[in-house]
Amino acid sequence: MKFSVIFEAQLADPTVEREHQVIRDCVEQAVLAERMGFDRIWAVEHHSLKWYAHMSAPEIFLTWVAARTSTIRIGHGVVCMPFNFNHPVRVAERAAMLDLLSGGRLDLGAGRGGTEQETSLCGVDRERTTAEVEEALRIIGRAWQEEELEYHGPLIDIDPHPILPRPAQTPHPPLFLACSCGETLVRAAELGIGALVMGFAGPESIAGMRAVYDAAVAGRDGSRFVSTAVNDHFSVLCPTIVLDDREEARRIGIRGQRFFAQSIGHWYGGAGVPDEAVVAGADEAARMREAAEQVVARLHEQDIPVRPTSTATFNADHAYGRADDAIAYVERLREAGADEIMCLIQMGTVEQEACLETLRQWGEKVIPHFRGRR
């Protein structure tokens, strides 16, 4: 099993000064993650999503981290692949350059970036995002395996051109797709690429998602593969704060996750702005439940169906506590079928020292437990 850290540059009280510091803090965390034995870092791509994600240029962030590290893998988790965000050829060029300069350490994930806030910024047609992501993956897979790329598809035409440089990895860096539901898991399997899975609903939900993915892998015929290189890696998100003080870790982690969940609710569901206040001694588990109830109430008011996933981001049962609590939770994720644990540590209200201490605890106690098993 692999271990990674995912960065979104979430930010409560988003002044310019705090924004700059948070991004520098993420770099410090990424460098420490390598020292602590993590296998990979991931960086998201989002645009204009104040509070939720200030990581708008992950290719620059990842390049900066790659230059300051030597072994940890560098992952786009993910690139927004609709054409008006990133032309497929430009993605291939940038990714190959970073793979070359990092010594073959790059992983490349794809996603839609489908919020109205983001698509309206870049003139993306929201009805075409799924199709454009798939076509972009086909173009990228072909660009790295042919002397000259020529592509004529339903959405874009590219006349013969060499795509330079070539990546260090042969035939190219592993490909992934952001997956949040059964439909995208089936698509990832049929395209022959790995799954980056949101894991907020917990291990039981993850087990169900893994079953969907495995069934699609078993039933595919290869006709939709985007490359000759097939990747069936299943990575799962794991919110976590680990400290010596169990209750303090739970309080900090659940508070950070509530900020994250409310930020998602704001941009994806039209909910109010996230609560930025941190109240000492507050019962954060109770506040999380209250926030989930408020989301359900707003959905009812807007006549939007309340599905089991509607409040998944408010589930507080994650790797919060001491190292042994994190080990027990990761055991559940392993049994559910996770190939990789993507630690979500840097949440909007979590202070830098708690992030760094969590990385240290994982590196000194949690990861060695599973390396020992292997």
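Predicted model: local features only at pLDDT ≥ 70, side-chain atom pairs only at ≥ 80, totals over all residues.
By the rule applied here, the count of salt bridges comes to 28.

Take D107 and R73 to begin with. These residues form a salt bridge whose closest N and O atoms sit 2.8 Å apart. R73, with a relative accessible area of 22%, is partly exposed.

A second pair, R224 and E134, spans another stretch of sequence. The closest N and O atoms of the R224–E134 salt bridge are 2.7 Å apart. Here too the pair links distant parts of the chain: R224 is in the loop between α7 (203-219) and β9 (234-242), E134 is in helix α5 (residues 129-143), and the two are 90 residues apart. R224 counts as partly exposed because its relative accessibility is 28%. For E134 the relative accessible area is 17%, which means that E134 is buried.

R251 and E248 meet through their side chains in a salt bridge of 2.9 Å, N to O. Both residues belong to helix α8 (residues 246-269), and because they are 3 residues apart there, about one helical turn separates them. E248 is partly exposed, at a relative accessible area of 29%. Some salt bridges also share partners, and in this way R40, R73, D107 and E340 are joined into one network.

Now for the overall layout. The chain is divided into domain 1, made of 2-244 + 318-371, and domain 2, which covers 253-312. Their C-alpha centres lie 24 Å apart. At the interface, 25 residues of domain 1 are in contact with 17 residues of domain 2. Between them the two domains bury about 1700 Å², and 73% of that is on carbon and sulfur atoms. On the domain 1 side, W51, Y52 and T349 supply 38% of the area buried against domain 2, more than any other three residues.

What kinds of links cross this interface? The rule finds 0 salt bridges between domain 1 and domain 2. Polar contacts are there, though, with 6 residue pairs counted between the two domains, both members at pLDDT 80 or more. The side of domain 1 that touches domain 2 is made up of 14 nonpolar, 8 polar and 3 charged residues.

R220 lies in the loop between α7 and β9. Its side chain reaches the backbone oxygen of A189 at 2.8 Å. The R220 side chain also makes a polar contact with the side chain of D232, at 2.9 Å. Neighbours within four places in sequence aside, R220 is in contact with A189, G192, F225, V230 and D232. The other arginine, R210, is found in helix α7. R210 has a relative accessibility of 15%, so this residue counts as buried. A polar atom of the R210 side chain lies 2.6 Å from the backbone oxygen of G337. Not counting residues up to four places away in sequence, R210 touches F234, A336, G337 and D339.

Most residues other than glycine have a negative phi, and most peptide bonds are trans. The peptide bond from G77 to V78 is cis, however, with omega near 20°, and V78 lies in strand β3. Another cis peptide bond joins T170 and P171, with omega about 0°. P171 is located in the loop between β6 (157-161) and β7 (175-179).

A9, which is not a glycine, has a phi near 55°, and its place is in the loop between β1 (2-7) and α1 (16-35). At 1% relative accessibility, A9 counts as buried. D13, also not a glycine, has a positive phi of about 50°. D13 is likewise found in the loop between β1 and α1, but at 41% relative accessibility D13 counts as partly exposed.

Definitions and conventions. Residues numbered from 1 in each chain as written. Heavy atoms only, no water. Domains from an automatic or database assignment. Contact = heavy atoms within 4.5 Å. Buried area = accessible area lost by both parts, 1.4 Å probe. Salt bridge = Lys/Arg side-chain N within 4 Å of Asp/Glu carboxyl O. Polar contact = N/O pair within 3.5 Å; in protein donor to acceptor, adjacent residues only side chain to side chain. Nonpolar A, V, L, I, M, F, W, Y, C, P; charged D, E, K, R; others polar. Buried < 20%, exposed > 50% of the residue type's maximum accessible area, 1.4 Å probe, protein only. Helix = DSSP H or I, 4+ residues; strand = E, 2+ residues; numbered from the N terminus.
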